[in-house]
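Biologist: Could you take me through this model, one feature at a time? I shall ask as we go.

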Amino acid sequence: MARTRDAEQTGAARRAKIVTAALSLFATHGYRGTSLAAVADTAGITRSGLLHHFSSKEALLAATLAERDEQSFDAVEIGRDYEGPALLRALEIIDDLVDRNQRNRELTRLAHLGNLGGEDTPQFARDWAQKRIRAFRENLAGVIAAGIAAGDVRADVDPVAVAGIVIAAMSGLEEQWLQDESFDMAGAMRTLTAVLRRDLLITRR
């Protein structure tokens, strides 16, 4: 039993090491420019050892994209309890996500692999990006709609339109920052969320 647990722990550690190596290489060289041999070499294992954990490059990219989102959401404690209007917490999460992305260029560049939708990117990664954006838009629009129903958000606000604007701002700011690292995308996003707090929320007296 102890040997089984040790083997599982070793396997999990090796898998995590492979994903970490792949994250860096995919972000730097793109999907087509990254080989399984390069990932294996960076992770310090053989190519056959890598294939024991991931049967193909697509499977490895899928695991890497999932790890990217898990790291981001864990870092901002997305599930923690919060008192007050849900929209305030949502805007706080958005600020935290953009701030984290500005501190981790590889994670940010990796997310844009699917968004760009070029020939370099497999279809499933483009599907992942579209699903991710759609879920984000629906969730944020739902938070805004719930805020309207609760009397926390102005009744004349279009939840879907506002959610779409926020997502467009996040994506556009990231693209500017990826082209020019001196650009403060986190500061720009905080400016937008401050405007949204001021203009969307109803101040209770």
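Biologist: Which residue caps the N-terminal end of α9?

Modeller: Asp 184 does, with a side-chain oxygen 3.4 Å from the backbone nitrogen of Ala 186. A polar contact is a pair of N or O atoms within 3.5 Å; within protein, one must be able to donate a hydrogen and the other to accept it, and residues adjacent in sequence count only if both atoms are side-chain atoms. Helices are DSSP runs of H or I with at least four residues, and strands are runs of E with at least two, numbered from the N terminus.

Biologist: Before we go on, what sort of model is this?

Modeller: This is a predicted model, in which local features need pLDDT of at least 70 and side-chain atom pairs count only at pLDDT 80 or more, while totals for chains, interfaces and linings use all residues. Residues are numbered from 1 along each chain as its sequence is written, and side-chain values use heavy atoms, with hydrogens and water left out.

Biologist: Back to α9: how many residues has it, and how far does it reach?

Modeller: Helix α9 has 16 residues and reaches 22 Å from its first C-alpha to its last, close to the expected 22 Å. The expected span is 1.5 Å times one less than the number of residues.

Biologist: Which residues of α9 are buried, and what do they pack against?

Modeller: Met 185, Ala 186, Gly 187, Met 189, Thr 193, Leu 196 and Leu 200 are buried, meaning under 20% relative accessible area; exposed is over 50% and partly exposed lies in between (1.4 Å probe, protein chains only). The buried residues of α9 pack against α5 and α8 (159–179), where contact means heavy atoms within 4.5 Å.

Biologist: How many salt bridges are there?

Modeller: The whole structure has six salt bridges, each a side-chain nitrogen of Lys or Arg within 4 Å of a carboxyl oxygen of Asp or Glu. One of them joins Asp 95 and Arg 197, at 3.0 Å from N to O. This pair links distant parts of the chain, with Asp 95 in helix α5 (residues 86–103) and Arg 197 in helix α9 (residues 185–200), 102 residues apart.

Biologist: Is Asp 95 buried or exposed?

Modeller: Asp 95 counts as buried because its relative accessibility is 12%. Arg 197, at 27%, counts as partly exposed.

Biologist: What does Arg 198 pair with?

Modeller: Arg 198 forms a salt bridge with Asp 199, the closest N and O atoms being 2.8 Å apart. Arg 198 is exposed, at 60% relative accessible area, whereas Asp 199 is partly exposed, at 31%.

Biologist: New topic: how many aromatic pairs are there?

Modeller: The count is one aromatic pair. Phe 26 and Tyr 31 are stacked, 5.9 Å centre to centre with 20 degrees between the planes. Rings of Phe, Tyr and Trp (its six-membered ring) pair if their centres lie within 6.5 Å; planes under 30 degrees apart count as stacked, over 60 as edge-to-face and the rest as tilted. Both Phe 26 and Tyr 31 are buried.

Biologist: What lies over the face of Tyr 31?

Modeller: Lys 57 does, at 4.4 Å from the ring centre. The rule asks for NZ of Lys or CZ of Arg within 6 Å of the ring centre and within 35 degrees of the ring normal. Arg 105 likewise lies over the face of Trp 177, at 4.7 Å.

Biologist: And what does Glu 58 touch?

Modeller: Glu 58, in helix α4 (residues 57–75), touches Tyr 31, Pro 122 and Phe 124, not counting residues up to four places away in sequence.
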